[in-house]
Amino acid sequence: MNRTEAPSTVKAWKRYAVVFLSAGLGLGARALLMPAVGNAVPFITMFFAVVLSGWYGEFRAGMLADARRRLQRGLVFPSVR
């Protein structure tokens, strides 16, 4: 980012709210799709959550979404590797 550019106009709490909401929605969608697709595509719904968080909330929010995705996947779906 160029130092002359204005900082992001999106408030920080909104960026991180998008992270938690999108990660929760991605996890819920994955749980709903589990009977239909099984372990064939384990990360497809969380991919969209991370992309949305990175786009809307910039780099740090995207990295937080990825960390949350990894934690959720390991706790909720431990058999998916």
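**A buried arginine and its partner**

Visitor: Arg15 is listed as buried, so what relative accessible area does Arg15 have?
Guide: Bear in mind that this is a predicted model, where local features need pLDDT of at least 70 and side-chain atom pairs count only at pLDDT 80 or more, while totals for chains, interfaces and linings use all residues. Residues are numbered from 1 along each chain as its sequence is written, and side-chain values use heavy atoms, leaving out hydrogens and water. Buried means under 20% relative accessible area, exposed over 50%, and partly exposed in between (1.4 Å probe, protein chains only). Arg15 falls under the buried cut-off because its relative accessible area is 16%.

Visitor: Which residue forms a salt bridge with Arg15?
Guide: Side chains of opposite charge can pair when their charged atoms come close. A salt bridge here is a side-chain nitrogen of Lys or Arg within 4 Å of a carboxyl oxygen of Asp or Glu, and a search of the whole structure finds one. With the closest N and O atoms 4.0 Å apart, the partner of Arg15 is Glu58.

Visitor: How many residues apart are Arg15 and Glu58?
Guide: Helices (H or I, at least four residues) and strands (E, at least two) are DSSP runs, numbered from the N terminus. Arg15 sits in helix α1 and Glu58 in helix α2, so the pair links distant parts of the chain. Their separation is 43 residues.

Visitor: Is Ser53 buried or exposed?
Guide: Ser53 is part of helix α2 (residues 44–76). Contact means heavy atoms within 4.5 Å, and, leaving aside neighbours within four places in sequence, Ser53 touches Val18, Val19, Ser22, Glu58, Ala61, Gly62 and Ala65. Because its relative accessibility is 0%, Ser53 counts as buried.

Visitor: What relative accessibility does Leu21 have?
Guide: Leu21 belongs to helix α1 (residues 12–37). Other α1 residues are buried, including Val18, Val19 and Ser22. Leu21 instead counts as exposed, because its relative accessibility is 59%.

Visitor: How far apart are the end C-alpha atoms of α1?
Guide: The expected span of a helix is 1.5 Å times one less than its number of residues. For the 26 residues of α1 that should come to 38 Å. The model agrees, with the end C-alpha atoms separated by 36 Å.

Visitor: Where does α1 bend?
Guide: Take the bend at a residue as the angle between axes fitted to the seven residues ending there and the seven starting there. In α1 that angle is about 30 degrees, and Pro35 follows within four residues of the bend. The bend is at Ala31.
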